[in-house]
Amino acid sequence: MGKHIGLSLVLIFLIFFLPWLWAQPAPAEPGEPGGTLPPPADSLPDQEPAPEDADPPAQSLDAARSLRVKTGSTLTEMDMETYLLGVVRAEMPASFELEALKAQTVAARTYVLHKMLGGGSANHPEADVCDDITCCQAYLSQADAAAGWGAEASAYEAKIRRAVTETDGQCILYEGAPILAAFHSSSSGMTQDAADVWSSGVPYLKSVESPEDEATVPNYRSTAEFSAAELKARLLEAIPDADLSGTPSNWFTNIQQQPSGTVTSLSVGGVTVSGNRLRTILDLRSACFTVAFQEDTVAFSVTGYGHGVGMSQYGANVLAAGGMDYRDILAWYYSDTTVDTWTDQATEGSPST
């Protein structure tokens, strides 16, 4: 009888429990049908809401500063960031090292702030700055720059934007105020002391060594030739008291030059003028020149480009290629200055801390 009871229990187990075991699905991988899925979004714990009084993302100092910019005959209001992008596009080759472009950006920002703090320009009282390089700084729109850059336009624009954003609000300061951040294209081994070029000296615009040369600067050496008649007419228009009788070889005397070759002063027909003034009269690329005479022709052999005061752009690029960062480049060219952030409060006369 015990055997009958045991057999009955086995039959009951097989009848009632085996179908239930067969019906259980095999474990599935997460994400597969039947697997473990993440709970629906509406069942997730609520995210902590942002406080209603949370501060918005901080705006850059350059984007927050508004300028009135005169380009040609058009007056436009734009922020400092937009303005600086246009200036750097126009004033320095975009192929230059990033640190050189940063140095140019800080110099350009400092230049316009110095101008604004000084009351602006009598040439355009309706505008803070213009695009005339004889008055302010050059300016180039993104579209015009891209047309000249060609296939490199996207990369060049990105590099210039980086130079502007990574130096946001930074200026070159002397005794707590933005300096007259003069710059030029290239020097002949030395930059010029402002006192040798303009009417008076500036404590931070001293003559310093500059490393560019004909291997690193296109058209580093140039020649300007004039006929005797053309040269005489141009000189007398600018220097009417000059005695230009006789041959051209007698017109230029007492030439004073620096070791770099830059002419500081000379006598033109008995009238003493600076080398920079003669450069302007004759549209020479720099005041570093020598004069040669051959029959009816006068030739000026010129080295470098620009007035020679402040930062040399090609020199800055050479320094950057050698590993120098923009702060050190600016300290190299602007004596006894510092680079620091200049805020809106500072425009009222107090340096940023």
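Mentor: Welcome! Let's begin with a rule: two strands pair if DSSP finds at least two bridges between them. Keep in mind that this is a predicted model. With that rule, three strands form an open sheet in the order 5-4-14, and the pairing is antiparallel.

Trainee: What makes strand 5 and strand 14 the edge strands?

Mentor: Strand 5 (177–178) and strand 14 (338–341) each pair on one side only.

Trainee: How do you know that strand 4 and strand 14 pair?

Mentor: Strand 4 (residues 170–174) and strand 14 share four bridges in the antiparallel sense. The rule asks for at least two bridges, so four bridges are enough to call the two strands paired. Across from C171 you will find D340, in strand 14.

Trainee: Which helix packs on the sheet?

Mentor: Helix 5 does, touching strand 4, strand 5 and strand 14. The direction of helix 5 makes about 60° with that of strand 4.

Trainee: What makes strand 9 and strand 10 a pair?

Mentor: Use the rule again. Strand 9 (residues 263–268) and strand 10 (residues 271–274) run antiparallel and are joined by four bridges. The rule requires at least two, so they qualify. S265 has S274 in strand 10 as its bridge partner. In this hairpin two residues sit between the strands, and G269 takes a positive phi near 60°.

Trainee: Let's turn to charges. Why is the contact of R89 with E157 called a salt bridge?

Mentor: Side chains of opposite charge can pair when their charged atoms come close. The cut-off here is 4 Å between a side-chain nitrogen of Lys or Arg and a carboxyl oxygen of Asp or Glu. In R89 and E157 the closest N and O atoms are 2.9 Å apart, so the pair meets that limit. R89 lies in helix 4 (residues 80–91) and E157 in helix 7 (residues 153–165), 68 residues apart, and the pair links distant parts of the chain.

Trainee: Why are R89 and E157 called buried?

Mentor: Buried means under 20% relative accessible area. R89 has 8%, so R89 is buried. E157 has 6%, so E157 is buried as well.

Trainee: Which other salt bridge does E157 make?

Mentor: E157 also meets R161, at 2.9 Å from N to O. E157 and R161 both lie in helix 7, four residues apart, about one turn of the helix.

Trainee: Why is N317 called buried?

Mentor: N317 has a relative accessible area of 17%, which is under 20%, so N317 is buried. N317 is found in helix 11 (residues 313–321). Leaving out residues up to four places away in sequence, N317 touches F96, E97 and A100.

Trainee: What makes the meeting of N317 with E97 a polar contact?

Mentor: A polar atom of the N317 side chain lies 2.8 Å from the backbone nitrogen of E97. The limit is 3.5 Å, so that distance falls within it.

Trainee: Which residues touch the most other members of the largest nonpolar core?

Mentor: Among the 60 residues of that core, they are Y83, I172, M311, I329, L330, Y333 and Y334. Helix 5 (residues 98–117) gives the most to this core, with nine residues. Leaving aside neighbours within four places in sequence, L330 is in contact with A103, V106, I172, M311, T337 and V339. A second, separate core has 21 residues, including L231, L244, W251 and V302.

Trainee: How many helices and strands are there in the protein?

Mentor: There are twelve helices and 14 strands. Of the 353 residues, 41% are buried.

How values were computed
Residues are numbered from 1 along each chain as its sequence is written. This is a predicted model: local features need pLDDT of at least 70, side-chain atom pairs count only at pLDDT 80 or more; totals for chains, interfaces and linings use all residues. Side-chain values use heavy atoms; hydrogens and water are left out. Buried means under 20% relative accessible area, exposed over 50%, partly exposed in between (1.4 Å probe, protein chains only). A nonpolar core is a set of buried Ala, Val, Leu, Ile, Met, Phe, Trp, Tyr and Cys residues joined through side-chain atoms within 4.5 Å. Contact means heavy atoms within 4.5 Å. A polar contact is a pair of N or O atoms within 3.5 Å; within protein, one must be able to donate a hydrogen and the other to accept it, and residues adjacent in sequence count only if both atoms are side-chain atoms. Axes are lines fitted to C-alpha atoms, for helices over the stretch in contact, and angles run from 0 to 180 degrees between N-to-C directions.
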